[in-house]
Amino acid sequence: MSSLDSFKTRTSLSIGTDTVSIYSLPALEQAFPRVARLPYSLKILLENLLRREDNGFVKAADITALASWDPKTIGEKEMSFMPARVLLQDFTGVPCVVDLAAMRDGIVALGGDPHKVNPLQPVELVIDHSVQVDHFGTSNALELNASLEYHRNRERYVFLRWGQTGFRNFRVVPPETGIVHQVNIEYLARVVCRDEVNGTAVAYPDTVFGTDSHTTMVNGLGVVGWGVGGIEAEAAMLGQPSSMLIPLVLGYRLTGKLPEGATATDLVLTITEALRKHGVVGKFVEFYGPGLAHLTIADRVTLGNMCPEYGATVAMFPIDDMTLEYLRLTGRDERQIALVEGYAKAQGLFRTAQSPDAVYTESVELDLGTVVPSLAGPRRPQDRVPLTKAKASFAGALADLKKGVPSTRFGENPEARSPLGSARGDPEPVEGSGQGAVATATQLEHGSVVIAAITSCTNTSNPSVMIGAGLVAKKAVELGLTRKPWVKTSLAPGSKVVTDYLKKAGLDTYLDQIGFNLVGYGCTTCIGNSGPLPEEVSAEIAERGLVVASVLSGNRNFEGRIQQEVRANYLASPPLVVAYALAGSMTIDITTEPLGIGIEGKPVYLKDVWPTEKEIQAAMLHAVTSEAYRQQYASVFDGDVRWQTLPVPVGDRFAWDNTSTYIRKPPFLENLSMTPAPASDIRGARALALLGDSITTDHISPAGGIKAASPAGKYLIEHGVEPKDFNSYGARRGNHEVMMRGTFANTRIKNQMVPGVEGGVTAYLPGGDVMPIYDAAMSYQSAGVPLVVIAGKEYGSGSSRDWAAKGTMLLGVKVVMAESYERIHRSNLVNMGVLPLQFKDGQGAASLGLTGREVFAFAGAGASLKARAEIAVMATAEDGSVKTFTALARIDTPEELTAFSHGGILPYVLRQLVKQVES
């Protein structure tokens, strides 16, 4: 569809022998001088409006509002945004495709054409979340884990093979290729797109919606993109733009350069801590200043990756010469690189040292030279700990980490020695547990590191820290060190290029020798797919009530996420992950105490194994080549023989199997009519859960293992699935029966309606019987009782997990009341027809005296509901006393209200598609 082009900005641009049409920002600048110094990210949003002006979703007034952006005015002006493409990972991608398949059935039921349900723009899905670290520490760990992955996920993968052929504009990157965000920056990202529109070539900025919050990694390439829920991604696939408020933009000025010994990981942990304290939720962050010249693209994408951890929507870096160098390094076509350079320079999107700074809402500054080696933990990415204080920090957190640990046969003295002794001794090997590594008699204590994982797109995309980890391993081996035997070690790179350059640098063999053998190409530990601990380690943790730790090069360390038996989790750079595998404990100050005893009984310290910047650079220059990227990505969509021999179902509608425990037709579109049912106020509601601050999507919809005694486990057993084949909640997201039973089922969630108890239980009212949340919700549904969830600050932070909203809706929750929301989860709730209410500033459950045992009524939440309206809440206590207060409806835009009034985005889009045919 062509733009109305009210501002006459469409013009031609010649790049070599190619001529493309563009919507010129400099042309618009003639009428709106502020455009010249708009933040780069807002320039890209502005071009999006110019190109899509249709007097419907995008009006001339919308363009005027953004072109006249006042950085000091808190904006309430909304705009429409349509990304150039959609990026999926398999945990969130499978339910997306399931919903699209169900929408084909739904449109047929409404008398429409199933072929109308089809992605209208490029959609790419990377299978990266399903590999689990069952085997480790052996040369064949990759093959063994891959075989298990295909065995466990065969139904899902067959379904995706159908999607590949059943939908247009849909491509799948098969398993064991890489991590979605690393594949995105190394291959999929266009930076500038070129399409044929009505027979004319049009160039425009690459923009992306991703069903994973760390989609922001691509911001490091100058690409505007952010994480959305699966349902919002589905709407974008089907041509529905996203409505958003024009954002505030914080400029982050960088000066200086990183000191010797500091890594990009240390930098991002420093910035995450600072910006969480400053407050950037819902804002754009844009990096600028002379320090950019000293940050490689690999460093920049690291900062972009952890954008969700500091709460911003995007973390933008402008296109510059370093971007072009990275595109060449990663083997992009020279014509594409010329397009990126020519277009960016013509549009004022190319930064040079002479470029004037953009004008920002506010600015903060960091001297890169002040960054020190750091970790973050034991529970949140923003809780940075300088490496020199890591030992003391763990000791200070131990008392709190012990809360909820079951009592042991040693009573209150878990230090009472089992025959296995102290964590600092030299254990003797014993017969193994079949985990793939030589198992040993463990010698554990509080703080023992039982998982050390080089994992996650955050760091495995950065050759400097990966080469650094290899050099630490090399020096350690040469000095006679190896990992402590109770440490489960793993290497899960984000692309095959990583293993290529580690091998060329001669470092892979040293990583292997200390247990960091290749276990898979995928998210593994960072997403909770760390796999089981060796049986003897697991048994001792349980027997002695120990608080043990993991150290991983990831971006998430929320409680209950990494491994259910591990309570303390620390984010760190890959070289530090190796160092902690050697040390084996958080109770050692690795900056002053030895990592272990090496050759001839000599102590070996961190400084003895830490590489210099010169050593890292020399290895990178030798080993990291463009040819490796071209070779590894030449057949990226082909897959191995396992993928190629999977059966491919045919037909434009999927043949659902009612006996499947992986892929089931979801109930979201059942009994759908063309007219939505009229809304009414919500009365007689009961609280399903009363929760505290920082409740993440991991708490609401866990991705890890399924316990046999849980409602989801019982369901699977009833359907003939043995516990060894349960797989994970993440892998089961194509089956709503499992996922709704898993909602609020995190083993670490604390429902204050059942004080002193961890796990997904609640008090069923009015009697107060304690039962699983799922069982209580089904009983309430049978009685026709609507439900409420009450929470504190930062509700729904973490991964962009659509099932955190879908499961909430299927349990019968009509309202969530929280003190504040994470952006994606709030949007997901709206798009599933669940009303998010926000307490007024200074108010919350505690200050209002809410216990969760009240009966709730919400006036104004029915047919009269408006965007950002104040809703009158009445809470009637058990003694008949009544509390009244008002809360803000966090339906932020009229477009969101329209979708909400249809019962959610899926029925709304489906009705629109049918109407398009009728008209």
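View 1. Tyr780 has a relative accessible area of 1%, so Tyr780 is buried; here buried means under 20% relative accessible area, exposed means over 50%, and partly exposed is in between (1.4 Å probe, protein chains only). With 21%, Tyr764 is partly exposed. This is a predicted model, in which local features need pLDDT of at least 70 and side-chain atom pairs count only at pLDDT 80 or more, while totals for chains, interfaces and linings use all residues. Residues are numbered from 1 along each chain as its sequence is written, and side-chain values use heavy atoms, with hydrogens and water left out.

**View 2. Aromatic pairs, with Trp226 and Phe284 at the centre.** Rings of Phe, Tyr and Trp (its six-membered ring) pair if their centres lie within 6.5 Å; planes under 30 degrees apart count as stacked, over 60 as edge-to-face and the rest as tilted. By this rule there are 22 aromatic pairs. One of them joins Trp226 and Phe284: the ring centres are 6.0 Å apart and the planes meet at 55 degrees, so this pair is tilted. It links distant parts of the chain, with Trp226 in strand β10 (residues 224-227) and Phe284 in strand β13 (residues 284-288), 58 residues apart. Strands (E, at least two residues) and helices (H or I, at least four) are DSSP runs, numbered from the N terminus. Trp226 counts as buried at 3% relative accessibility, and Phe284 counts as buried at 1%. The pair of Tyr764 and Tyr780 from the opening view is also tilted, at 4.5 Å centre to centre and 40 degrees between the planes. Tyr764 lies in strand β25 (residues 761-764) and Tyr780 in helix α27 (residues 773-782), so this pair ties together parts that are 16 residues apart in sequence. Elsewhere, ring pairs link Phe159, Trp162, Phe167, Phe654 and Trp656 into a cluster.

**View 3. Lysines over rings.** A charge sits over a ring if NZ of Lys or CZ of Arg is within 6 Å of the ring centre and within 35 degrees of the ring normal. Look for the charged end of Lys43 over the ring of Tyr40, 5.6 Å from its centre. Lys345 has its charged end over the ring of Phe350, 4.9 Å from the ring centre.

View 4. The expected span of a helix is 1.5 Å times one less than its number of residues. For the 15 residues of α8 (residues 264-278) that gives 21 Å, and the end C-alpha atoms are 21 Å apart, which agrees. The helix is mostly covered, with 11 of its 15 residues buried; among them are Leu267, Val268, Ile271 and Leu275. Just after α8, Gly279 takes a positive phi of about 100 degrees.

**View 5. Two cis peptide bonds.** Gly377 and Pro378 are joined by a cis peptide bond, with omega near 10 degrees. Pro378 is found in the loop between β16 (374-376) and β17 (384-386). The bond between Leu765 and Pro766 is cis too, with omega about 15 degrees, and Pro766 sits in the loop between β25 and β26 (769-772).

View 6. Asn55, in the loop between α2 (40-52) and α3 (60-67), has a positive phi near 60 degrees. With a relative accessible area of 53%, Asn55 is exposed. Val191, in the loop between α6 (180-188) and β7 (192-197), has a positive phi near 70 degrees. At 2% relative accessibility, Val191 counts as buried.
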